[in-house]
Amino acid sequence: MKKLILGALGVTLLLSSCVSQKKFAEMEAKAKEAQDLLNSATVKLNTCLEEKATATSRMQTLEDQNAFLKANNQELINNMGNLTTLTTKGAENLEKSLESLQEKDLTIRKLNDAITRRDSVNLSLVQSLKGVLGNLDDEDIEISVEKGVVFVSISDKLLFSSGSYNITSKAKTVLGKVAQVVNNKPDFEFMVEGHTDDVPYGRKGNILDNWDLSVKRATAVVRILQNDYNVDPKRMTAAGRAEYVPVSTTEKSKNRRTRIVVLPKIDQFYSMIEEGMKDPAINN
């Protein structure tokens, strides 16, 4: 009996041991499965964290780029505003420049027209002078036009005796012909210039030097034109240049001369310009 009881107990212990081993294996399997799931979740979590970091970095880059583009866009807008202002000012300046050029061009055309008219008058004057003086020797009298001014140069030997300011009778005839022309040209004024050579003039009587001689010769000519030929004295000027405006360095005789400088009155010249301004061909 005792043996029977011991056998039963052994069988019971054996069965009890077998059940515990099975449950342990099942639990161990579940634990391993759970560990595998945990490992997989950890891997996925790490991957997500990396992706999040990358996305965050990318977002920061995009935000920086967006801020940069906004700043550039604002700068471009500002520049466009400045450019518009500059373009407007440039257009205004260009318009003013064109207007100024047109005004200058108009002024130049008017001046050219006035100069052309003056030259035409001068040409007429020269032709008149050559017409009345044409029978004289070219060495004694010369008529020329320089820079819009008519010059009549009369040699010393034709007008005066050596060292004198008394006009010869032959010279009076020449001056009478000159007076005939200038009296017919009331729009002109003229200056009579006395010139000497550079030989020092020793004091003789009331003549002190070449300055004095040149002035006295000029005033002598002016007096003849006024007193003998009725030239308006308001149109004349007497001037002495002594030896300081020579025309030759080799022939002193050419420097001893009296020069009549004929030029339009200043107001007459401006009248020519004003007339030019009224010309339809210019104003259109």
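How many helices and strands are there in the protein? I count seven helices and five strands, and I keep in mind that this is a predicted model. Reading along the sequence, I find the pattern α-β-β-α-α-β-α-β-α-β-α-α.

Of its 284 residues, 28% are buried, and among contacts between residues at least 6 apart in sequence, 71% join residues at least 24 apart.

I then turned to helix 4, which runs over residues 210-227. Its 18 residues should span 26 Å at 1.5 Å a residue, and since I find the end C-alpha atoms 25 Å apart, the two values agree. At the start of helix 4, I noted that a side-chain oxygen of Asp-209 comes to within 3.2 Å of the backbone nitrogen of Trp-211. The buried residues of helix 4 include Asn-210, Leu-213 and Arg-217, and also Val-221, Val-222 and Ile-224. What covers the buried residues of this helix includes helix 2 (156-159) and helix 3 (169-183), together with strand 3 (188-195), strand 4 (236-242) and strand 5 (257-264).

Last, I examined the second largest pocket, in which about 180 Å³ of space lies. Which element gives the largest share of the lining of this pocket? I find that helix 4 does, with three residues. By class, I record four nonpolar, four polar and four charged residues in the lining.

Technical notes. Residues numbered from 1 in each chain as written. Predicted model: local features only at pLDDT ≥ 70, side-chain atom pairs only at ≥ 80, totals over all residues. Heavy atoms only, no water. Helix = DSSP H or I, 4+ residues; strand = E, 2+ residues; numbered from the N terminus. Expected span 1.5 Å × (residues − 1). Buried < 20%, exposed > 50% of the residue type's maximum accessible area, 1.4 Å probe, protein only. Contact = heavy atoms within 4.5 Å. Polar contact = N/O pair within 3.5 Å; in protein donor to acceptor, adjacent residues only side chain to side chain. 1 Å grid on protein atoms, 1.4 Å probe; cavity = no way out; pocket = protein on both sides within 12 Å on 5 of 7 lines; lining within 4 Å. Points joined across faces, edges and corners; volume = space filled by probe spheres on them. Nonpolar A, V, L, I, M, F, W, Y, C, P; charged D, E, K, R; others polar.
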